[in-house]
Every structure is written in C-alpha cells, then in structure tokens.
Amino acid sequence: MIKQVFSDTKIAKTMKSGFESFENILTSSNIDRLLSTALERGGQFAEIYAEYSVINGISLEENKIRQAQAGISMGLGIRVIDGEKTGYAYSERFEMDDLVKAAKTASFIASGSGNIRGEINITPLAARNLTTIEIMPDEVAVSEKANLLRRARETAHNKDKRIYQVQASIWDGVKIVVVANSDGFLAGDQRTMTRFNVSAYAIEGNNRQAGRYGGGGRVGFEHFSKNSPEYYAEEAVRQALILLSAKEAPAGPQAVVLGNGWAGILLHEAIGHGLEADFNRKGTSLYSGRVGEKTASDLCTVVDDGTIPGLRGSINIDDEGTESQRNVLIEKGILRGYLTDRLNSKLMGSKPTGSGRRESYRHYPMPRMTNTFMLPGNHEPDEIIKSVKKGLYAKSFGGGEVDISNGQFVFQVTEGYAIEDGKITYPVKGANLIGSGPEVLKKVVMVGNDLKFDSGVGTCGKDGQSVPVGVGIPTCKVSEIVVGGTEIGGDSMMGKGA
Amino acid sequence: MDIEQFGREIIKEALASGAEEADVLIQSGRESEISTRMKQVENIKEATSEGYGIRAFKNKQLGFCFSSDFSSMGLKEAARQAVDLSRETTSDQFNGLPESEKNFVPANLDIFDPAIGELSTEWKIDSCLTMERTMFDFDKRITNSEGAGFYDGETTTVLVNSHGQTHSYKSSYCYLVCKPVAAEDGKLQGGWWYSYKRHLDDLDSPENIGRIAAERAVRMLGAKTPGTARVPVVFDQITGTAVLGGLLAAVDGDAVFKKATCLTDKLGQDIASPLVTLIDDGTLKKGLASSPFDGEGLQTGRREIISRGNLKSYLYDVYTARKAGTVSTANAQRDNSSLPSIGSYNFYMQSGDSDFERIIESVESGLYLTGLMGSGTNPVTGDFSLGASGIWIEKGKLAYPVEGVTVASNLLEILKNIDMVGNDLEFQGPVSCPTFRVAEMTVSGTV
C-alpha cells in the first residue's frame, strides 16, 4: 500500500530503511486493526500518523569544522476525536503490540459504546510532488558541505577587517510522513529541508555587533548555485557593519515603511495567528465571528499558500493528509476565512484548508500557517520612502510574538533606518514595533509592487510545537505604529542632515 | 531493557569502530497531558519515549549521532556513524572527554516523586475542572477559557563513557496551568497562572491557581497605552526572569571566549547594583533544573555568578574551559538528541529585604511590569527591548492596566539600576527571581 502512495516519488537514500518499516507495518489489515481498536470505545474519527526523519548538521567556528552530526527519529501517533475531545498516544517502536497499546490509550478519550463498523477500506492516494529536488542533500558528501562553510568564512573575513569572528552551519533533513484515517484514505509526503546560517561579529573600538543571515527552504543543494555561501556571508557582514554605525532608535508613534520580504512576519503575527480556527471556534481570538467584516485597509489582500514550490512553509499535504492550498485570508480589507484543520472544520461546519500541522509524531495537529504574504500593490518602493516626512524604514526583523486575545503584537527590528524628509538618513538599532493587528492593518496606506518572500529561515511556535513557515510582503507604508526604543523625542538626537 | 547495559555496549561498539573516546546519554521516560476546556475534557495524551545520543572522538575530532533505535543493528549503526562523522571535522586539541572524576559522590537531590506516576486520570481531570470552576466563579467578566491542564512526566537519564563511568538519575515533574479569557466592552484579555514542581505535594492547589489566573486576566481589562517616559519599572517574579535569561546568554563561556557578549573581560568587576546576587545551582533540593551530573558526566555544584554586584564566574563546559585555560563549571547541558552545550541549572536572584508593598509604594509614577512579549535581548550589545504590559503605578498605588508599550534599556544599565529587591523569591521554574525595581527605563507608548 505504501508503495502505491509513493509510486511516483523517488525515495531518498536515507529514507530507505524507514520506508521499509512503513511497508512492513502499515499493511491494509494492520491499519484496519489499529483504527478499529482506536474506535472501540466510540468516537467519530481515528487517525494514524507515522513519521521517519533523518537530519544532518555540520558547523564551523572560525577555522575549524567543529562538529558533524546525524540523527534519526521515528514514531507513530494515533488520534481519536470524539466531538471536541481528542485522545492521543504515540509509540517509537514499530511493533504491532506497542502500536495496539497506543491505539487503546488513545481510545480512552471516547466514552460510549463502541462503533459498530465494518472493515475500513483504505484507498491509497498518490503522493503529490509540488517541488522537484535536484540534488538530495543526503547524497552530498559531508566534505562538500564543509567546503561551503569554509567559503562563507573566507568571504566574511575578506570583506572587512572589522570582522573578528565567523560561525556557519548547514542543516538538512528528509522526512517521510504517512497518514491513514477512518474516513478511508492513506496519504504520504516526502519532505526535504535545507538551511544555511552565517553569523559574523564586527568590532570597532568597544562597539561589538553581530550580523546574522541564512536561508534555504524545501530545496536541495541546487539551492547553493543561486544562493552561494558568499552571498549569505556578505549579507551577514553587511548587517554587522551597519549596526556598528547605528544610533539609538527614536521611540514613540511614527510612520513606518516595512521593507519587502521578512517584514511579512508582521502579517504572520498581526493577523495570521488570530485567524487560526481553533482560537475562533473557542471565541478567544479578537477575529472570532468576524468573517465578512472590514478588518484591514482596502489595499490589503493577505494569502496563506502552502503550495509554492521551494518555500520553507510549503507542504504537499498537511499532517492530516489534506492537500495544501491557497487560502485567501483578507481580500481588499475584508476578512474572508480562517485556517482550519479537520477537528475545527467539522465543529465549525467548514472545509479543511490544508492547515492541520504538527511538529512531529509526538504531537496532535492544530491549525497553523504555511507561507503567509500580502499581494503586491502598484507603488514603486522609492515613492513610498519619499512620501514619509519623518519615520522608520524597518528593513529586517528578528522574532515576533502576538497575544491572540487582545491582538497585541511586538517584533524586533534588526535592520532599520531613520527616514527624514523622504530620505533614508541613518541606521538605527534597538527598535521594536508594537501594536494591535487590526489597527495596524487599517493604517496600511501604500503597498509596493515588489512582493518578496523571506530567505527561508522562519519557524513558528504555538503551544510548544514548532513548524517551519514562510512569510512575504511588498514594501508597505503604515501611517503610524508605536516604535519602542531608548531615545525619547527623536528630534533632539538627530543631526541636521545635509 | 537494561539501559545501563545498553550504554556500555554502544560505547564498546564505538571503540571497536575506531573511536578513542566516547560517551552516550540515554533517556527513557513517560509523559502525560490532560486538559479541560469549558468544564469538559478536551485532550488526553500519553506516551513513553526513549532515545540516545552518542559522541565519538577520534584524533581529537568530534562526531555525533542520535537515534531511538535500540536494536542491536541500530546500536551498531549509530556508533559507526558517530565515528565516521568525526573524520569530517577538524582535529582540535581541546576536544575530548573530561578527566575521569575520581571523587564523584552522587547527591540526593530529591527530584523524583513516585506518587506522580500513580495519579489516576480522574484525579487529574478533577484538578483541571476545579481550576476552571474557580476561575469562572471569581468574576463574571471571565467569559471564556483557553483551558486548564495537568502535565506530568518521569525520566531516567543515564550517562556512560569510555572511562568506564556510568551515572544515572530519575526525575519527575508535574505542572498545573489555567488560562482564562476575560471580556468587557467587546475587548478580550487573556491571563494565565501555573504551578510547576518536582513533587506532587509541593504543587499549589487548583483553587489558588484558578483564582490567581482569573485575577491576572480581569485586572488587564480596560488597559490603556500611556505616554512615552523614563520611569521606574518594577519587574514581577515572571517578567524579571527575562533579565536573568538575557544575562545567562551573556555569561555563556563560549560566547565570552568569542568576545560575543557584553560581559566579555568583565570578570571581577562590579557590573550590577550591590543588591544583586545571582546563583546557579545544580544541587538545589527539589530544583526544577537540578541534576547530579552534567552532560559530560561531571558532578554539578552551586556557584555565585554575581555576588553583591560583582561578576564572579562565567559558565563553561569542558571544551570551552580548555580553550579559555580554565576548568569546566559542569554547565554542559545535553539531552538525548543534542550535543552538550553551555547552559544553567536553577538560575536565580537571591531575595532582598523589601516587602512587595514597599516596592510599589516607593514609585511615584511608573510601571509594574507583569507581561513581556518578543525576543528582545541582544547578548552581544546587552540591548534590551521588549513589548510590555502591566499596571501603571500612581503615587505608590497600582492605578490602571496598560498594554501596547515597550520597555527598553541595556542589560548592564538594568543591573546597575536595580535599587530595590523583594523578599519574595519562589522557585517556579528553572529561572527564578523575586520582585525587583529598576530605577529608570524607557517605557514607550503614545507620543
């Protein structure tokens, strides 16, 4: 059965042994037995989620390849849903005795007489392959990976004498997931992930600053022919050097121009989380019950799309076996819909949106984002900067966070510049943007024509589960956001520009 | 399965595959989670899990492999792969196991409570329902719930190395949490409170947790955004840990050696107010981060990091200590899927002598900080900037809730400006502190 699912998929070298275990254990009769056991005390729905994953990492510190590592994890989780209740158990041993025990444990959530059902006829669905991986990372020699790291280090040091310390790492992984459920289908996905990181530390006098840059996604090593280690290193160096000359950020409310790309984290924090169906079903999100209402300016159309080839947040199917899709969250300012999984769509009378994701077999899925972005508008980025008399150009960000109930979000500007009289004047540091999601989106007054996605480094945490995500945004102007910083009354510290 | 026996076998295998030194950390445990929402059971999860990570050194090169495959083939494969991977790395004289520790005396840290494993599902459900009931009864403006939960687990940790040493310990935890949502005039405010302990008997009662959680949500209703100002800021026992967390990253011996922290070259200097004493203790009885040995098998201890404002020590593992010409402080943290890296145990600020009420009374106009958001401490520069919420203090009294602000300063400035330390230290997690007051920070809000 598993063979049928993956008949069109080239199984990665490091997945072979996991694939064989799946074939042996996930036979039609075993699946039927596990699902039937899971439902023997009642419940409407039972599901098997199996995962086999291999990761590899290698890191450089200055002139040393410090360590090389590999890891394998495998497990199988069984979920039973009874109304709003979920029972979950997992096993890391692929032996029927252990798996039946897990199915029994999960079954205890339901309290009724067992469902009388016939045999569950499982139909295997052919795996989708939205992304073509040309060079599987598990077929690249470790020494070749080490060379990419050395190239990054050399570039960083050659770029500027003020760089005194360089670290770099490459992580890659392949994972096979298989989902079978009592609705009668069996689906699978082979997922590849590659990631490159560089940190460069710069010093001038007593002033030390770190610049970090990285990227990757659901790509293989062909990625590095377009995104070279030199490119990543130069970007890390550039950020460190800019910070050396940065001044304290002026605090208080001001116009903010969001740079294209990673600033899409604002959409992720400010509205994405608030539109996840679990919060809305429970009525704990400030967006609960507001589909059809105006929640952003006319210029805002926000989409979550898990189908874009190569992006870090992309998936062929979600972790419940539903195909990923393009979901319009906000269309010209109007709230159009939520991101939902099976449990919440059933309870809310809607259709799953391919958003049921989980960190691993150790967790049950919940509604999550994939790649969240704003569609482009028609302004040139230059025009947008020119329109600001006094404000902040927030080009790159660190982490962000949101409180779903009141919509308050915060995120850290890692590369920002003051804008004075329509010109970018000097770099600033230590700035944070803070506000409430709907308020900020109503204040989006210009949207650029330069939509860009982030470089492939985003990880989203929710209820203790981390999943890879992507974000994107064109250059955008928000008429006012509160900027947190250490300098009050920006005027007094600004030099008179030429 | 005999875990210790497995550990000795995999070390034997690594040596047979060509490693000169090797160690393995194995963990085997159980976890369970029960949650209720709106007075109904919502989730039940139970599982056992086990895994190991093996470190192999050959020619002073380092390779690592983790797995959960305990079969004899899995064991051979993992050992061989760790040795193979070591060949790809740079030979480094500082690599290797610590010297064999002759005087290792395993301490009794009282971090395992067998009673937790014997709890019935009904008892756990009942605790959750009680938290939710208390929280709803507290105030009619508590209209919704993100749920109440009981989480517990037990772990056996074993470390075996090629010096012929085998160390092991058992630990347990239990955690109760309650998450109410309060509403007024169409605006929502979430809140939460918890109790987290090694022993069942030490857990706070579900009634107390439910009541405190409700209080914390309700008191935020009607929150305003104040103007931008430089004012005193009082950190509570939760938000204060963000300052300690930032400091931890700055005393990491690896970052210090790389001159990548604001505390580089500051050993022996007065970097904080004399009211500040910070301790890292791996041997705290019942401590949530206590452990008899570190990730490299060294015996843990208690250490003053800052003593009355003076920086006394950085944190080291074996590799970084050798590189820096000092000795390990036994601060190598490690789990079954990671290489050791520097981290703290129970890291806390010692209690001072101020009552909580006196601290609030001392503030003419300022912020009692009860919520922080974001990831805003930069260990390289010490810059500290986070989203914040709390209660505004007017003329020595808690006056009204505030949200939508940021607090910003520099770690070193915050430490120097701590001018009152409360007498209310409680251990509710790996990082703990009493209430403390910072004389002045920038709070940015509207204009």
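**Helices, interface and sheets**

In chain A, helix α5 (residues 142–159) and helix α7 (residues 229–244) have axes that come within 8 Å and cross at roughly 40°. That makes α5(A) oblique to α7(A). On the terms: axes are lines fitted to C-alpha atoms, for helices over the stretch in contact, and angles run from 0 to 180 degrees between N-to-C directions. Angles under 35 degrees count as roughly parallel, over 145 as roughly antiparallel, 65 to 115 as roughly perpendicular, and the rest as oblique. Helices (H or I, at least four residues) and strands (E, at least two) are DSSP runs, numbered from the N terminus.

Before going on, the source of all this: it is a predicted model, where local features need pLDDT of at least 70 and side-chain atom pairs count only at pLDDT 80 or more, while totals for chains, interfaces and linings use all residues. Residues are numbered from 1 along each chain as its sequence is written, and chains are lettered from A and ligands numbered from 1 in the order in which they are written.

Contact here is C-beta atoms, placed from the backbone, within 7 Å. By class, this contact of α5(A) with α7(A) has 8 nonpolar, 1 polar and 4 charged residues. Nonpolar covers Ala, Val, Leu, Ile, Met, Phe, Trp, Tyr, Cys and Pro; charged covers Asp, Glu, Lys and Arg; the others, Gly among them, are polar.

Chain B has a helix pair as well. Helix α1 (residues 3–16) of chain B and α2(B) pack at an angle of about 45°, with their axes 9 Å apart. α1(B) and α2(B) are therefore oblique to each other, and their crossing is right-handed. B:I10 and B:A14 are among the α1(B) residues that meet α2(B). The residues of that contact divide into 7 nonpolar, no polar and 3 charged.

Now, how many residues of chain B are in contact with chain A? There are 59, and they touch 62 residues of chain A. The largest share of that side of chain B, 10 residues, comes from β2(B). By class, the side has 18 nonpolar, 27 polar and 14 charged residues.

A strand pairing also joins the chains. Strand β2 (residues 64–82) of chain A runs parallel to β3(B), with 4 bridges between them. A:A70 stands opposite B:C65 in β3(B). Strands count as paired if DSSP finds at least two bridges between them.

Last, a sheet in each chain. In chain B, 5 strands form an open, mixed sheet in the order β11-β10-β9-β14-β19. β11 (310–311) and β19 (431–432) of chain B stand at the edges with a single partner strand each, so one side of each is left without a neighbour in the sheet.

In chain A, 6 strands form an open, mixed sheet in the order β12-β11-β10-β15-β24-β21. Strands β15 (residues 371–374) and β24 (residues 470–473) of chain A run parallel, joined by 3 bridges, and A:T372 stands opposite A:V471 in β24(A).

Technical notes
Contact = placed C-beta atoms within 7 Å. Left-handed = near helix turned anticlockwise from the far one by under 90°.
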